[in-house]
Amino acid sequence: MTQHNTGDLQRLVVLSRDDYNRARFEFPKALTDPFTRVVAVPLRAPETEEPALLALGGALQPNSLLLRNKSGDDGYVEAAAAYELMSIAKFNAFASVCQMLSASLLRVDELRELASDGTVKGSADLKGATGKAGGTLNSDFSRRLAQRIKAEWAWEHDEPYNVGGGDPEAAAEFAAAQGISGDPVVAALIRQRRNQDNKLAYHSLELNISSEARRAIQGTLDVESIFRRLAPTFSATFDVLRKQSNDVVLRVLVDFRPPAAELSRMREGHAGFPN
């Protein structure tokens, strides 16, 4: 059995034991890809003792292709649903980073769908709404994302607002664990909140929530010729993946200033507080 560094794994291929045995002789290259693990079901020892595999439960069905989703629970999702689920997971992880940085508000104003050349294919105005998609989005995937995204997050603080910039080190560690620390927008936000001399008050930014999903999908398409031969049903999965070629970008406001009510109380309690 091929040994893998679990930190490098990007995808999981599930085959029936008969197909797995056939692949060992007919397509041995498919079993040695360093970023792919091929699992035969029903599981046998030592796989039956691996918590990560057992946790997948019913997802371990023959002829399944699963992609690793580092955001969220660092588990695996069906390849055909990866674009949507991984994008949502990245946004939720970004929201947690904002919370760790002591943001008072995270608001999504707009969702845009971009082609590979940067052309805007469609957009949806999400300001002040949750799950309300506009009618100009180009794909079903983007429309579902617009419906699922929580457009406004607000947090209360037990201490005065904007003191200390939250915990940038914890935010950086969390972002790395969630696989989003390489995003320049996330990294820049954490870096800004580390600055104690001139603390960031608010930031309007554009976050590509589909970038990790797109990389995972493209990496899988790069080995399509190998895995198509393992099971006929993989052809339909790859057909779906090829349609997921657009990027989804959110126009976002991250606010570290106190809400209006808290700001009023601060002004009332401090005569020198700026208006």
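## Salt bridges and a helix face: worked exercises

In this predicted model, the side chains of R37 and E50 form a salt bridge, with N to O at 2.8 Å.

**Exercise 1.** Work out which parts of the chain the R37 and E50 pair ties together, and decide whether R37 is buried or exposed.

*Solution.* Start with the positions: R37 lies in strand 2, while E50 is in the loop between strand 2 and helix 2 (51-56), so the bridge links parts 13 residues apart in sequence. Next, look at the accessibility. R37 has 15% relative accessibility and counts as buried, because the cut-off for buried is under 20%. E50, with a relative accessible area of 24%, is partly exposed.

**Exercise 2.** Find where D140 and R143 lie relative to each other.

*Solution.* Both residues are in helix 4, 3 residues apart, which is about one turn of the helix.

**Exercise 3.** Identify the buried side of helix 1 (residues 17-26).

*Solution.* List the buried residues first: R17, Y20 and A23. They span an arc of only 115 degrees around the axis, so they sit on the same side of helix 1. Their cover includes strand 1 (11-16) and strand 2 (36-41). Finally, turn to the face pointing away from the buried side: it carries the exposed residues D18 and F25.

Conventions:
Residues numbered from 1 in each chain as written. Predicted model: local features only at pLDDT ≥ 70, side-chain atom pairs only at ≥ 80, totals over all residues. Heavy atoms only, no water. Buried < 20%, exposed > 50% of the residue type's maximum accessible area, 1.4 Å probe, protein only. Helix = DSSP H or I, 4+ residues; strand = E, 2+ residues; numbered from the N terminus. Arc of directions from axis to C-beta. Contact = heavy atoms within 4.5 Å. Salt bridge = Lys/Arg side-chain N within 4 Å of Asp/Glu carboxyl O.
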